[in-house]
Amino acid sequence: MSAFLDAMQYDFMQHALIASMLAALLCAIVGTFIVIMRMVFLSGGVSHSAFAGLGAAHYFSINPLFGALLAAVLVSLVLARLIVHHRQPPDALIGLMWAAGMSIGVIFVYLTPGYTPDLMPYLFGNILTISQSQLVWMALFTLIVLLVTGFLFQPLVAVSFDDEFSSLRGLPVGVLISVLMILSSITIVLLIQTVGIILVMALMTIPPLIGLTLSNALRGVMLWAFASGLLVMVGGLLLAFQLDLPGGPVIVMSGIVLLGGVKLMKRITSST
Amino acid sequence: MADQRKLLVSLRDIEYTYDSGKVLDGVNLDIYQDDYLAIIGPNGGGKTTLLKVILGLLEPDRGTVTWHDSKTRRHIGYVPQFASFEREFPLTVRDVVMIGRMHGHTLLQRFDQKDVLHTTSILEKLGLVDIADKHIGSLSGGQVQRVLIARALVSDPAILFLDEPISSIDQDSRFALTGMLKELNARIPIIVVTHDITAFAADVAHIACVNNRLFYHGDGELDNGCMEEAYGCPVELVAHGMPHRVLKQHRN
């Protein structure tokens, strides 16, 4: 506890703590949809193509958050169209977008005049350097994600469970899938700030997987995902602070250890 | 003989091609107000594709699907194939059935008391009340089938389509299901896709035989010629212990 209080004396730790809570909330809601719809690889494609937008934003010196958002939303709308028309977009295409996004991003960063390319913060994130204004944007977008999923919860569940049946009930399947994809891309971009592009998928999937292990009902899954996400983010952060290690990787590894532990416990309790 | 019954859906010259090849070719079909139509045929013959084309879930490459009555079109009940959804999905039986109460025009509304009561009454009717709060992943094949039927029925459909409804259920559930469908058919038309006609043979009014082409669309009598043409090899038609003989006596 005293380690926690010590850490909390610093502004950057307070920011990091608030960012962790927002991230846990986003992972719990949007991540759960992504995992149950088996769109994890697809969201990986979105997060890596967001890097093209980040790089371009640097080059044109605009807020990198908006560059990344624009790229991620555009890519996810293309993917939503493919999902509606072909059920599963071809994974070769996602792989291609993955590589193209990174390449375009790196080229832009490299071309930016007077800017020494340091890609590490983007790739692995740095939750300890989140500024107050970044936090405000993050809170605002989190609020938008919460409101949209709150209002459209039932239709979104229906469409992600069975799109054909939903379309026969007159639900606007294409629109709802696009909404879901836009929400995912917003979430991905916000999470890139905390754990970086490479680890964002882990953060999107680990808490929902823990939730799915512990509950059979969607709300229960999301609650457990939130609780475990928060535990992993804050615990991982403090651990990283104590051990003087980078935050993102420590957060992700704590999540994987927790997931393994929960699965093991479940196996032991269900076999007795 | 001119058919005086109300025509609901007409399909004309339907053609549908997957990457692997043409699966429907020149299919014509009419569905009437009080129909009980069985669509039969070999696996891969295009039964499910035909059903999805009728429902508007697939767009045919050629030909037209015309719904003559828009009210019926808006109240379609659909029971998809048993294996068509993700069983790991974290929903309970009641959650899944309630999805049938949703409408496009009430997108932002929550379920109300009426939705809940109606869902409960359908769950009771199908013997699902005791497992209403169970996870769909923990159900048996027959239970899943009944859940999918309940989901279709809670919407008070004006027409009901079922895709292989008896493929994964035991004999007793089959009788219960076919009995219920027969009862429903007094009010609404029913279209059932099946590779196993024997369970339905006593009840259906029409049988359509699909193997890329639609070979026969008759009045419940089926002969070997149609079946041979559709299946591409001689088929024995046997109908055991049925109240009416709907299949012609086979020649020795």
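Predicted model: local features only at pLDDT ≥ 70, side-chain atom pairs only at ≥ 80, totals over all residues.
**α3 against α10, chain A**

I started with how α3(A) sits on helix α10 (residues 173-214) of chain A: the angle is about 105 degrees and the axes are 9 Å apart. That makes the pair roughly perpendicular; the cut-offs I used are under 35 degrees for roughly parallel, over 145 for roughly antiparallel, 65 to 115 for roughly perpendicular, and oblique for the rest. Axes here are lines fitted to C-alpha atoms, for helices over the stretch in contact, and angles run from 0 to 180 degrees between N-to-C directions. Helices are DSSP runs (H or I, at least four residues), strands likewise (E, at least two), numbered from the N terminus.

Residues are numbered from 1 along each chain as its sequence is written, and chains are lettered from A, ligands numbered from 1, in the order in which they are written.

Next I listed who touches whom, contact being C-beta atoms, placed from the backbone, within 7 Å. From α3(A) I noted, among them, A:Val40, A:Ser43, A:Gly44 and A:Phe51, and from α10(A), among them, A:Ile188, A:Ile192, A:Met201 and A:Thr205. Sorted by class, this contact has 11 nonpolar, 7 polar and no charged residues. Nonpolar covers Ala, Val, Leu, Ile, Met, Phe, Trp, Tyr, Cys and Pro; charged covers Asp, Glu, Lys and Arg; the others, Gly among them, are polar.

**α3 against α4, chain A**

Then I turned to helix α3 (residues 40-59) and helix α4 (residues 64-86) of chain A, which pack at about 140 degrees with axes 7 Å apart. I therefore put α3(A) and α4(A) down as oblique to each other. The crossing is right-handed; a crossing is left-handed if the near helix is turned anticlockwise from the far one by less than a right angle, right-handed if clockwise. The α3(A) side includes A:Leu42, A:Val46 and A:Leu54, and the α4(A) side includes A:Phe66, A:Leu70 and A:Val75.

**Two residues in chain A**

I looked up A:Trp98, which is in helix α5 (residues 91-111) of chain A. Leaving out residues up to four places away in sequence, A:Trp98 touches A:Gly44, A:Gly45, A:His48 and A:Ser49. It has 19 C-beta neighbours inside 10 Å, so I call A:Trp98 partly exposed: buried takes 20 or more other C-beta atoms within 10 Å, exposed 12 or fewer, partly exposed lies in between, with C-beta atoms placed from the backbone.

A:Leu146 is in helix α7 (residues 132-151) of chain A. With 16 such neighbours, A:Leu146 is partly exposed too. From A:Leu146 to A:Pro246 I read 29 Å, C-alpha to C-alpha, for 100 residues in sequence.

**Chain B**

For chain B I count 7 helices and 9 strands, and 41% of its 252 residues are buried. Chain B splits into domain 1 (1-75 + 158-252) and domain 2 (86-157), bounds that come from an automatic or database domain assignment. The contact takes 10 residues from domain 1 and 8 residues from domain 2 of chain B. On the domain 1 side I get 6 nonpolar, 3 polar and 1 charged.

Last, I checked where the chains meet: 20 residues from chain B and 21 residues from chain A. The chain B side has 13 nonpolar, 6 polar and 1 charged residues.

Key. Contact = placed C-beta atoms within 7 Å.
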